[in-house]
Amino acid sequence: MSKSWEIGKEARELDEKPISERLKIEKSSKKKIGVAFIFYSIIMVILYFFL
């Protein structure tokens with residue numbers, strides 16, 4: 001039951017934040033998205049030229 005209580009507490013804290021604060025992305029997430037995009041681009045180039 002304490003886990004659901006923590007989730008509810010986090011949800012209430014998130015509700016109190018303004019929308020601009022909610023939309024912020026952490027640095028580690030930005031890095032993961034960037035690496036995934038680069039990896040995707042390389043695979044697409046390889047498939048385009050070799051298939």
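**Helix H3 and the open chain**

Trainee: Of the 24 residues of H3, how many are buried?

Mentor: The number buried is zero, so helix H3 lies largely in the open. Please keep in mind as we talk that this is a predicted model.

Trainee: Okay, and where does H3 run, and what does it reach from its first C-alpha to its last?

Mentor: Helix H3 covers residues 27-50, and the distance from its first C-alpha to its last is 35 Å, which is close to the 34 Å expected at 1.5 Å a residue.

Trainee: Can we look at single residues? Is Lys 27 buried or exposed?

Mentor: Lys 27, which sits in helix H3, has a relative accessibility of 70%, and because the cut-off for exposed is over 50%, Lys 27 counts as exposed.

Trainee: And what does Met 44 count as?

Mentor: Met 44 also belongs to helix H3, but its relative accessibility is 36%, so Met 44 counts as partly exposed.

Trainee: Switching to rings, how many aromatic pairs does a search of the whole structure find?

Mentor: The search finds one aromatic pair. The rings are those of Tyr 48 and Phe 49, with centres 5.1 Å apart and planes at 80°, so the pair is edge-to-face.

Trainee: Are Tyr 48 and Phe 49 buried or exposed?

Mentor: Both Tyr 48 and Phe 49 are exposed.

Trainee: What does the C-alpha trace span along its principal axes?

Mentor: The span is about 55 × 30 × 15 Å. Buried residues make up 0% of the 51 residues in the chain, and the accessible surface comes to about 5400 Å², of which 68% belongs to carbon and sulfur atoms.

Trainee: Last one, how many positive and negative side chains does it have?

Mentor: The protein chain has 10 positive and 7 negative side chains, and the centres of these two sets lie 8 Å apart.

Methods
Residues are numbered from 1 along each chain as its sequence is written. Side-chain values use heavy atoms; hydrogens and water are left out. Rings of Phe, Tyr and Trp (its six-membered ring) pair if their centres lie within 6.5 Å; planes under 30 degrees apart count as stacked, over 60 as edge-to-face and the rest as tilted. Buried means under 20% relative accessible area, exposed over 50%, partly exposed in between (1.4 Å probe, protein chains only). Helices (H or I, at least four residues) and strands (E, at least two) are DSSP runs, numbered from the N terminus. The expected span of a helix is 1.5 Å times one less than its number of residues. Accessible areas come from the Shrake-Rupley method with a 1.4 Å probe; for residues, only the protein chains shown count as cover. Lys and Arg count as positive and Asp and Glu as negative; His and the chain ends are not counted. The place of a charge is taken as NZ of Lys, CZ of Arg, CG of Asp or CD of Glu.
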